[in-house]
Amino acid sequence: MDADRSKAKVMPTDTPELMAQAVREAVALLRVGELVAVPTETVYGLAANALDHRAVARIFQVKNRPSRNPIIVHVASIRMAQECVAEWPKTADLLANAFWPGPLTLVLPKAKCIPEVVTAGGDTVGVRWPDHPVINALIKACGFPLAAPSANVSSQLSATTAQHVQRCLGDKLPLILDGGPCPIGIESTVLDLTCDPPRVLRPGLIHESAISAVLGRAVAPVQAAKHGEPLRSPGLMLRHYAPRARLFVWQWDDETTLQVLLTEHNLAAASCHLITHLRPPTQIKFASVMVLPRDVRAYARVLYAALHECDEAGASVIIVRAPPENPEWSAIADRLARASVREVRS
Ligand code: TXA
Ligand code: MG
């Protein structure tokens, strides 16, 4: 879509005056049930008043989101989180004190004030206090929590800049607050605290080992995204976080083995876009080659932008070098595995 034909206004937030003005306009829209895209430290969110069921229903429409996929509620204090849940166990207190504000979502029994549309009819709610000045200022000014999934069409790539949101949803919402590129770059860890032991539903940069260390006990690991297995969480659709292009995740030792993979898949290098975190090939000529950082945090920060860039270049095939097989990289491996699944199964 042509960015300038879209109707969303993009408001900068780089000075205190601009921030105050942007927050004022966003609050006015959210109060009357409109949607506003806002930056968080992980990815941009498509926000609505979490207590307004009609506004939340619009999120499902705009994203084309399956109605059985619950939405995370964003708060700006532990007190506000406690108001959204029916129980606040000791485990929640320990984790909130250790990791909030930050990229950890806690699934807990929902309070009555949270409409069923937010929780997809379920009796639990995911709550998170994000670590970004724009959404924190916004929630405080609103005085109500914000329901916000990632600001993208369902199953597609999440947005890590205001421009990504503009391109994907710009014709469907009135306002995007521009807080610059998201400093974390991949979605929060989702932890279910309603089961024993607590279970990671979606891996993120806060690892299971860090959570276990705070709780002083083991937590159940995430179920890997595999074909043909039942879904444990409504949101764990197999194809997800996916660019428009077909995506392959490959491991290779040298350019000869890379060429073998291309031949096996019947692909011409010249029509493939390559993303690697190691030394790029020098003999095989790809349509484009992007070299991402070797540090996992730096890699996470730029991964979605790299995939968006391939889509914008009209790529039909993206080849991503497999990430290291190391627990630190599990969230990246999870996102790439889901992005490489071809069929939507929800
Ligand atoms: O970092 C993030 O979490 C971003 C930013 C905007 O906060 N949000 C985000 O939202 O990624 P979304 O809707 O794209 O992904 C939320 C995930 C989904 O997999 C959903 O199923 C799961 O969290 N989830 C939310 N509430 C849940 C609940 N009550 N029980 C189980 N899973 C839940
Ligand atoms: Mg999402």
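## One side of helix H7

In helix H7, three residues are buried: Ile 211, Ser 212 and Leu 215. They share one side of H7, because they span an arc of only 100 degrees around the axis. This is a predicted model. An α-helix has 3.6 residues a turn, so residues three or four places apart point the same way. On the other side of H7, Ser 209 and Ala 213 are exposed.

What lies over the buried residues of H7? The cover includes helix H4 (90-99), strand E5 (104-109) and strand E9 (189-192). Just after H7 comes Gly 216, with a positive phi of about 70 degrees.

Ser 212 belongs to helix H7. Its relative accessible area is 18%, and buried means under 20%, so Ser 212 counts as buried. Leaving out residues up to four places away in sequence, Ser 212 touches Arg 217, Ala 218 and Val 219.

In soluble globular proteins, nonpolar side chains tend to be buried together. Here the largest nonpolar core has 71 residues. Leu 106, Leu 138 and Leu 177 have the most contacts inside it. Helix H1 (residues 16-31) gives the most to this core, with six residues.

Which residues does Leu 138 touch, not counting those up to four places away in sequence? They are Val 23, Ala 26, Val 27, Leu 30, Val 38, Leu 146 and Leu 177. There is also a second, separate core of 28 residues. Among its members are Val 43, Ala 245, Trp 329 and Leu 336.

## The second largest pocket

The second largest pocket holds about 560 Å³ of space. It is lined by 29 residues. Closest to its centre are Asn 326, Trp 329, Ser 330, Ala 333 and Asp 334. Trp 329 is also in the second core.

Which element gives the most to the lining of this pocket? It is H10, with five residues. Helix H7 (208-215), strand E11 (246-250) and helix H10 (330-339) each supply at least two lining residues. By class, the lining has 17 nonpolar, nine polar and three charged residues.

## Ala 306 in helix H9

Ala 306 sits in helix H9 (residues 296-312). Is Ala 306 buried or exposed? It is buried, with a relative accessible area of 4%. Beyond its neighbours within four places in sequence, Ala 306 is in contact with Ile 275, Met 290 and Leu 292.

Gly 102 is 204 residues away from Ala 306 along the chain. The C-alpha atoms of these two residues are separated by 24 Å.

Most residues other than glycine have a negative phi, and most peptide bonds are trans. Some places in this model depart from that pattern. A cis peptide bond joins Trp 100 and Pro 101, with omega about -5 degrees. Pro 101 lies in the loop between H4 and E5. Another cis peptide bond links Asp 196 and Pro 197, and its omega is also about -5 degrees. Pro 197 is in the loop between E9 and strand E10 (199-202).

Asn 64 has a positive phi, near 60 degrees, though it is not glycine. It lies in the loop between helix H2 (53-63) and strand E4 (73-74). Asn 64 is exposed, with a relative accessible area of 59%. Ala 120 also has a positive phi, near 55 degrees. Its place is the loop between E5 and strand E6 (124-128). At 26% relative accessibility, Ala 120 counts as partly exposed.

How values were computed. Residues numbered from 1 in each chain as written. Chains lettered and ligands numbered in written order. Predicted model: local features only at pLDDT ≥ 70, side-chain atom pairs only at ≥ 80, totals over all residues. Heavy atoms only, no water. 1 Å grid on protein atoms, 1.4 Å probe; cavity = no way out; pocket = protein on both sides within 12 Å on 5 of 7 lines; lining within 4 Å. Points joined across faces, edges and corners; volume = space filled by probe spheres on them. Helix = DSSP H or I, 4+ residues; strand = E, 2+ residues; numbered from the N terminus. Nonpolar A, V, L, I, M, F, W, Y, C, P; charged D, E, K, R; others polar. Buried < 20%, exposed > 50% of the residue type's maximum accessible area, 1.4 Å probe, protein only. Arc of directions from axis to C-beta. Contact = heavy atoms within 4.5 Å. Core = buried A, V, L, I, M, F, W, Y, C linked by side-chain atoms within 4.5 Å.
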